[in-house]
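Open the model in your viewer and follow the stops below in order. Each stop says what to select and what is there.

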Amino acid sequence: MSTERRRARRQPTKLWRAPVTRIERITPRMARITVGGPGIDDFAGAGTDENVMLYLYEPGAVLPEPLTLETARVAMSQVRPYMRTYTISRHDPVANEIDFDFVLHGDHGPASRWATGAKPGDEVIFVGPSPAYQPDADAPWHLLIGDETALPAIGSIMRALPGATIRAFVEIEDAAEQQDLDVTWVHRNGVPAGSSEPLVNALSAAEFPDGKPAVWAAGERQAMQAVREVLVDKGIDRASVRPATYWRLGHAGS
Ligand SMILES: Cc1cc2nc3c(=O)[nH]c(=O)nc-3n(C[C@H](O)[C@H](O)[C@H](O)COP(=O)(O)OP(=O)(O)OC[C@H]3O[C@@H](n4cnc5c(N)ncnc54)[C@H](O)[C@@H]3O)c2cc1C
């Protein structure tokens with residue numbers, strides 16, 4: 001493996017509590033859930049693919065007070081949340097808001113289920129943030145690849161690279177899921193989510209700019225392994241392609 005991807009951390013890990021202030025269905029399968037208020041006053045976002053772990057407690061769960069990272073951990077044997085990772089899609093320190101973009105993939109996952117039924121005032125509890133990907137400013141071009149779970153990160157990475165040469169490939173269900181981003185949309189068109197076929201076909205057919213790209217990729221685990229092989233076949237150095245697993249087909253958790 002090559003050297004670690006460069007990552008920036010703006011602040012230590014902490015447990016945050018904030019109410020939902022807004023919900024918007026940005027596409028049929030994507031809900032943007034905004035949280036705000038004094039609970040995130042001192043949140044300092046680092047951008048790009050920065051993410052947090054949502055703690056999804058059962059409704060009515062009796063939580064320790066004060067609820068901190070430490071008390072939540074001590075209480076885990078009695079009251080254990082579902083833990084799921086989500087990207088900070090946007091942090092606005094002036095409005096004091098954070099957006100999360102949830103893929104609504106059905107009722108079988110607690111996070112997708114929660115996002116489908118969320119309403120203003122619901123409390124969101126999350127732990128983090130993670131360090132953030134720091135794209136190599138000297139790279140001749142940037143290759144960004146993912147399915148819709150990676151779309152919040154890809155949008156944020158693109159905003160961090162104004163003027164850079166970027167080729168981004170994002171797999172989505174169909175045209176209704178497209179957002180206002182300059183990427184190559186790869187439609188599944190009926191192929192189930194988590195199959196490697198759509199991205200593999202799109203990448204195999206793509207013409208890439210010259211030079212060694214900085215590569216960022218994330219999505220379903222096996223699909224990402226297949227993506228890695230295609231990129232290596234196309235001449236990209238294996239060590240520079242280290243996709244992140246954002247979910248695993250048939251497995252709960254992230
Ligand atoms: C660093 C990181 C950042 C992430 N950022 C985001 C983000 O911003 N937005 C986002 O929507 N997701 C994001 N994810 C992915 C998300 O955490 C997973 O999709 C998670 O499994 C969803 O939890 P769940 O409770 O809904 O489903 P789970 O209980 O985890 O899974 C239940 C079933 O659903 C399947 N499943 C899980 N996710 C999907 C999916 N997307 N499509 C189809 N089937 C699925 C599983 O294979 C399993 O069979 C991120 C993951 C990581 C690691």
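This is a predicted model: local features need pLDDT of at least 70, side-chain atom pairs count only at pLDDT 80 or more; totals for chains, interfaces and linings use all residues.

Select domain 1 (7–128) and then domain 2 (135–247): the shell around the ligand takes at least three residues from each of them.

**The ligand and its shell**

Now select the ligand itself. The space it takes is the largest pocket. Which residues come closest to the ligand? Of the 26 residues that surround it, the closest are Thr85, Val103, His105, Arg248 and Gly253.

β5 (82–87), β7 (97–103), α2 (110–117) and β14 (244–247) supply at least two residues each. Which of the elements gives the most to the shell? That is β5, with four residues.

Show the side chain of Thr87. One of its N or O atoms is 2.9 Å from a nitrogen atom of the ligand. Move on to Asp101 and display the backbone: a polar atom there is 2.8 Å from a nitrogen atom of the ligand. Then go to Gly250, where a polar backbone atom is 2.8 Å from an oxygen atom of the ligand. How much of the ligand does the protein cover? On its own the ligand has 910 Å² of accessible area, and the protein covers 91% of that.

**Backbone stops in the loops**

The peptide bond joining Glu65 and Pro66 is cis, with omega at about -5 degrees. Pro66 belongs to the loop that runs between β4 (51–56) and α1 (69–74).

Select Gly128 and Pro129 next. Here too the peptide bond is cis, and omega is about 0 degrees. To place Pro129, look in the loop between β8 (123–128) and β9 (132–133).

The last stop is Thr48, in the loop between β3 (30–36) and β4. What is there to see in the backbone of Thr48? Its phi is near 40 degrees, a positive value in a residue that is not glycine.

Note on methods: Residues are numbered from 1 along each chain as its sequence is written. Side-chain values use heavy atoms; hydrogens and water are left out. A residue is near a molecule or strand if one of its heavy atoms lies within 4 Å of it. A polar contact is a pair of N or O atoms within 3.5 Å; within protein, one must be able to donate a hydrogen and the other to accept it, and residues adjacent in sequence count only if both atoms are side-chain atoms. Accessible areas come from the Shrake-Rupley method with a 1.4 Å probe; for residues, only the protein chains shown count as cover. On a 1 Å grid over the protein atoms alone, a cavity is a set of points where a 1.4 Å probe fits but cannot get out, and a pocket is an open set with protein on both sides within 12 Å along at least five of seven lines; lining residues have an atom within 4 Å of a point. A molecule sits in a cavity or pocket if more than half of its atoms lie within 2 Å of its grid points. Domain bounds come from an automatic or database domain assignment.
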